[in-house]
Amino acid sequence: MVPAELRFVEAFETLRASGRVGVTEFCSELGISKGTFGSWKSGTTNRHAKVEWFTALAARGVSSEWLLLGTGEMLTK
């Protein structure tokens, strides 16, 4: 995974642990299967994260600057 995708996983897990997002809800919102998302997250596929995935995290209070560049704080809200 590229660094932005690693930050994506970190942010997703942070939101999941705090109850702000669930895997089922997230996958349903994005129209992907939990299996596809799980394979991607575990690194068992060579596919990359989609822009829509990053946008969905940003809508939940994750800094897009942090996601893409790794600068600033992870959470904005």
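Reader: Which residues have the most contacts inside the largest nonpolar core?

Author: This is a predicted model, in which local features need pLDDT of at least 70, side-chain atom pairs count only at pLDDT 80 or more, and totals for chains, interfaces and linings use all residues. Residues are numbered from 1 along each chain as its sequence is written, and side-chain values use heavy atoms, with hydrogens and water left out. In soluble globular proteins, nonpolar side chains tend to be buried together. A nonpolar core is a set of buried Ala, Val, Leu, Ile, Met, Phe, Trp, Tyr and Cys residues joined through side-chain atoms within 4.5 Å; buried means under 20% relative accessible area with a 1.4 Å probe, protein chains only. Here the largest one has 21 residues, and Phe 8, Phe 26, Phe 37, Trp 53, Leu 57, Val 62 and Leu 67 have the most contacts inside it.

Reader: Which element gives the largest share of this core?

Author: Helices are DSSP runs of H or I with at least four residues, numbered from the N terminus. Helix α1 gives the largest share, six residues.

Reader: Is Phe 8 buried or exposed?

Author: Phe 8, in α1, is buried, at 0% relative accessible area.

Reader: At what angle do α1 and α4 pack?

Author: Two packed helices are described by the angle between their axes and the distance between the axes. Helices α1 (residues 3–17) and α4 (residues 51–58) pack at about 40°, with axes 11 Å apart.

Notes. Axes fitted to C-alpha atoms, helices over the stretch in contact; angles between N-to-C directions. Helix = DSSP H or I, 4+ residues; strand = E, 2+ residues; numbered from the N terminus. Buried < 20%, exposed > 50% of the residue type's maximum accessible area, 1.4 Å probe, protein only.
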